[in-house]
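Thanks, everyone. Please have the viewer open while I talk.

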Amino acid sequence: MTNTRKTAREIIDYYDGPPIRVMEVCGTHTHEIFRLGVRKLLPRQVELISGPGCPVCVTPAEFINEAVWLALEKGVTICTFGDLVRVPGSKKSLAAARAEGGKIQVVYSPTDAFQYAKEHQEEQVVFLSVGFETTTPASCLSVKMAAGEGLSNYSLLTANKTMPGAYKALKGSADVFLYPGHVNAITGTGLCERLVDEGVSGVVTGFTAKEILAAFAVLLTRYPEGKPFFVNAYKRVVTPEGSLPAQKLVEEWMEACDSEWRGLGVISNSGLRIREKYQQFDARIKYQIPKQQGGTNPACRCGDVLQGKCKPTDCKVFGKGCTPLHPIGACMVSGEGACSAYYQYGGEYDG
C-alpha cells in the first residue's frame, strides 16, 4: 500500500522511518496537540519540542519593567491583554503595580484600548502591543483610528515581533517546524518557501484535530526522503500572498528594528516599532522611558524551554515553586505557554 492510498491516521500509525524532532512553533498548537490527545497517537520516533511561538512568553522582563514604570511613575493607564498582568518583571508584575495603585485595564483587543482612550480623554492611555504578525495589524489599526479622531492621549508600548529571525535562530533545534497557520495567513508562504533553500523544513497547518493529524502525516511522509521541504497544509486559510491589506497597514505604521526575545537574546530586525513620523504614538518617546535593567528569576528555565533545550518538566521549580497560580516564569502564566500546557495536562508529558 502506498502513502497516497493511506489515511493520515494510517501514515502515523505505521510510520517506521527515522527519528524526527518536530517543533510546534505556536503555543496554540502545543495546547491543542495535548488537548486533542494527538501526542498519544504519534509514533515513538517523533519528539515534540515546544518553541517560542507565544508572544507573552518571549516578551522580556524589561518590557514589563517599562510598563510598571509608566503605571507607577507616570500615572498612565495601562491597557493590556490579561495574560501580561501576571508575567513577572525584574522586581514586580503589573498585578503588583495595580496593588500599589497603578491603573491596569484588561482589554481584549487594541481597538478596545483605543475606545477606552476615546472615552477617557482625561487619562493618558498606553496599550501594551505584544504579538507576532497576526496581532500587529490590529495595533496599527488602533493608532490609525486614534490619529483619525485626533486623540493625543493614546500610544503604544511595542514589543511586536516577526517570526523569520526566530526560525533562522532555531533552525538547528528541530528537524521540522510546525508553522502557525494564523501567522502565515497574514504573511503568506514566501518566507517558509525561502527557508527551504537554507535547509529548513516545515508544514503550515491549522488547529483542528483533522488539520494537525494531516500535517503530521505530511511531515512523516516527506522527512524520510532526506530533502528540505515546505508544505502548505492549510490552504483553506493560507494563500501564497497572505493578507495584503494587513501587510500594507503594518508597513505604513511600523518599521523593523532589533528586538530581544526571552531565551533567544537580541535578534536583528525581528521587532517592529512605530515609524518616526508617527512617534507621538510611541510611548517610549512620548514618556522618555529610561533604559530598564534587570533579568528574570534564575530558578526559571523559560529561556531554555523556548529554545527547545529542555522540557518544562526538566525545570526544578516546575509544579512546585512555579504553578499557574504562583508563576515564576512567563511560560507558566500564558494560556499559550508550554509550561502551562504541561501543567494542565498532568502526566501526559511524554506521550
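Start with isoleucine 20, in strand β1, residues 20-26. Bear in mind that this is a predicted model. Isoleucine 20 is buried, because its relative accessible area is 1% and the cut-off for buried is under 20%. What does isoleucine 20 touch, not counting residues up to four places away in sequence? The list is Tyr15, Gln45, Val46, Glu47, Asp175, Val176, Leu219, Leu220 and Tyr223. Leucine 48 sits 28 residues from isoleucine 20 along the chain, and their C-alpha atoms are separated by 8.5 Å.

Now valine 237. This residue lies in the loop between β9, 230-232, and α14, 244-253. Valine 237 counts as partly exposed, at 33% relative accessibility.

Look at β3, residues 77-80. Three bridges join β3 to β4, and the two run parallel. Cysteine 79 stands opposite glutamine 105 in β4.

On to the core. In soluble globular proteins, nonpolar side chains tend to be buried together. Here the largest nonpolar core has 71 residues. Which residues have the most contacts inside it? They are Leu70, Val126, Leu128, Leu157 and Tyr179. Helix α5 gives the largest share of this core, seven residues. Take leucine 70. Leaving aside neighbours within four places in sequence, leucine 70 is in contact with Gly75, Val76, Ile78, Val126, Leu157, Ala283, Tyr287 and Ile289.

Aromatics now. The structure holds twelve aromatic pairs. One of them is tryptophan 253 with tyrosine 278: the ring centres are 3.8 Å apart and the planes are at 25°, so the pair is stacked. Tryptophan 253 is in helix α14, and tyrosine 278 is in the loop between β11 and α15, so the pair ties together parts 25 residues apart in sequence. Tryptophan 253 counts as buried, at 3% relative accessibility. Tyrosine 278 also counts as buried, at 15%.

Compare phenylalanine 318 and tyrosine 343. Stacked or edge-to-face? Their centres are 6.2 Å apart and their planes are at 70°, so this pair is edge-to-face. Phenylalanine 318 is in the loop between α16 and α17, and tyrosine 343 is in helix α18, residues 338-344. The pair links distant parts of the chain, 25 residues apart. Phenylalanine 318 counts as buried at 10% relative accessibility, whereas tyrosine 343 is partly exposed at 36%.

Ring pairs link Tyr167, Phe177, Tyr179 and Phe230. Tyr179 we met in the core.

Last, charges over rings. Arginine 39 has its charged end over the ring of phenylalanine 34, 4.3 Å from the centre. Lysine 161 has its charged end over the ring of tryptophan 261, at 5.9 Å from the centre.

Definitions and conventions: Residues numbered from 1 in each chain as written. Predicted model: local features only at pLDDT ≥ 70, side-chain atom pairs only at ≥ 80, totals over all residues. Heavy atoms only, no water. Helix = DSSP H or I, 4+ residues; strand = E, 2+ residues; numbered from the N terminus. Buried < 20%, exposed > 50% of the residue type's maximum accessible area, 1.4 Å probe, protein only. Contact = heavy atoms within 4.5 Å. Pairing = 2+ DSSP bridges. Core = buried A, V, L, I, M, F, W, Y, C linked by side-chain atoms within 4.5 Å. Phe/Tyr/Trp six-rings, centres within 6.5 Å; stacked < 30°, edge-to-face > 60°. Lys NZ or Arg CZ within 6 Å of the ring centre and 35° of its normal.
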